[in-house]
Amino acid sequence: MAIATAKAVQKLHFELPPLPYAEDALAPIISAETLAVHHGKHHRKYVETTNQLIAEQPLEARSLEELVRKASGKLFNNAAQAWNHEFYWHSLSPKGAPPGGVLRRQLEKDFGSFESLVDKFAAAANGQFGSGWAWLVQKDGKLEVMATPNAQTPMAKGIHCLLAIDVWEHAYYIDYRNQRERYVQALIEKRLNWQFAEQNLNGR
């Protein structure tokens with residue numbers, strides 16, 4: 001993975017990772033208020049609850065990623081959400097620009113065109129009933145789009161993730177109310193971090 005998972009200190013104790021940009025850096029697509037609540041309250045709570053649960057029921061793991069793959073129940077839900085959110089923050093950029101180079105060629109090969117990928121990504125995000133995630137992943141050497149409900153993450157099943165879009169309501173409700181489609185469209189058009197996706201390509 002191209003990002004460092006939440007830093008493990010002592011015996012599996014995790015810290016809330018900082019945002020990779022200022023709270024107002026994604027405005028007006030995502031407001032500083034949304035980031036303050038989403039990162040400072042929701043993401044923080046997932047990390048804190050993960051720490052509480054592993055203190056009560058220790059599980060042998062050397063990283064957050066390994067913990068997610070081994071955990072179940074409430075521990076899985078919170079650890080997976082801690083990982084998903086850190087990945088999501090890196091999937092966004094204040095300077096969103098279309099992909100180029102190796103990634104662009106791979107997208108065109110696997111989806112037919114970049115525009116086709118955009119349509120499929122948006123459909124996965126908008127079509128996810130209730131809370132969940134949309135992902136650009138690499139599976140068996142091929143790029144695919146998939147959606148997962150709630151805290152589920154392709155990473156837990158060994159599928160390599162390139163980008164994520166959070167479609168839990170707390171990701172967009174302050175800025176877009178119940179208009180998820182507007183949020184998804186704006187994110188794909190102006191805030192996805194395609195450089196991060198290219199870094200993740202082929203397990204780099």
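Reader: What makes E3 and E4 a hairpin, and how many residues lie between them?

Author: In this predicted model, E3 and E4 form a hairpin with two residues between them. The two strands run antiparallel and are joined by eight bridges. Two of the facing pairs can be named: Trp133 stands opposite Thr148 in E4, and Gln138 has Leu143 in E4 as its bridge partner.

Reader: Why is Asp140 called exposed?

Author: The relative accessible area of Asp140 is 77%.

Reader: Where is Arg177, and what is its phi?

Author: Arg177 lies in the loop between helix H6 (173-176) and helix H7 (180-190). Its phi is positive, about 55°, and Arg177 is not a glycine.

Reader: Why does Arg177 count as partly exposed?

Author: Arg177 has 47% relative accessibility. Buried means under 20% and exposed means over 50%, so a value in between makes Arg177 partly exposed. Gly101, found in helix H4, is also a case for that rule: with a relative accessible area of 41%, Gly101 is partly exposed.

Reader: How do you know which strands are at the edges of the open sheet?

Author: The strand order of this open sheet of three strands is E4-E3-E5, with antiparallel pairing. E4 and strand E5 (160-166) each have a single partner strand, so one side of each is left without a neighbour in the sheet, and they stand at the edges. On average, neighbouring strands of the sheet are turned by 20° against each other, direction ignored.

Reader: What makes you say that helix H3 packs on the sheet?

Author: Helix H3 (residues 73-90) touches E3 and E5. Touching here means heavy atoms within 4.5 Å. The direction of H3 makes about 90° with that of E5. Helix H4 (residues 101-111) lies across E3, E4 and E5, and runs at about 80° to E4.

Reader: How are H1 and H3 placed against each other?

Author: Let me start with the general idea. Two packed helices are described by the angle between their axes and the distance between the axes. The axes of H1 and H3 come within 8 Å and cross at roughly 140°, and H1 passes H3 in a left-handed crossing. Among the residues that meet are Leu35, His38 and Leu53 in H1, and Leu75, Asn78 and Trp89 in H3. By class, this contact of H1 with H3 has 10 nonpolar, eight polar and three charged residues.

Reader: Why is Asn78 called buried?

Author: Asn78, in helix H3, has a relative accessible area of 10%. Buried means under 20%, so Asn78 falls in that class. Leaving out residues up to four places away in sequence, Asn78 touches Lys45, Tyr46, Thr49, Thr50 and Leu53.

Reader: How are H5 and H7 placed, and which of their residues meet?

Author: The axes of helix H5 (residues 114-127) and H7 come within 10 Å and cross at roughly 145°. H5 passes H7 in a right-handed crossing. Val118, Phe121, Ala122, Ala125 and Asn126 in H5 meet Arg180, Glu181, Val184 and Ile188 in H7. The residues of this contact divide into six nonpolar, one polar and two charged.

Reader: What makes the aromatic residues a cluster?

Author: Ring pairs link Trp83, Phe87, Tyr88, Trp89, Trp133, Trp135 and Phe196. Rings pair if their centres lie within 6.5 Å, and by this rule the count comes to 10 aromatic pairs.

Reader: Where is the cis peptide bond, and what is its omega?

Author: The cis peptide bond joins Ala27 and Pro28, with omega about 5°. Pro28 is found in the loop between strand E2 (13-14) and helix H1 (32-56).

Reader: How far apart are Gly101 and Ile54 in sequence and in space?

Author: Gly101 and Ile54 are 47 residues apart in sequence, and their C-alpha atoms are 42 Å apart in space.

Note on methods. Residues numbered from 1 in each chain as written. Predicted model: local features only at pLDDT ≥ 70, side-chain atom pairs only at ≥ 80, totals over all residues. Heavy atoms only, no water. Helix = DSSP H or I, 4+ residues; strand = E, 2+ residues; numbered from the N terminus. Buried < 20%, exposed > 50% of the residue type's maximum accessible area, 1.4 Å probe, protein only. Pairing = 2+ DSSP bridges. Axes fitted to C-alpha atoms, helices over the stretch in contact; angles between N-to-C directions. Left-handed = near helix turned anticlockwise from the far one by under 90°. Nonpolar A, V, L, I, M, F, W, Y, C, P; charged D, E, K, R; others polar. Phe/Tyr/Trp six-rings, centres within 6.5 Å; stacked < 30°, edge-to-face > 60°.
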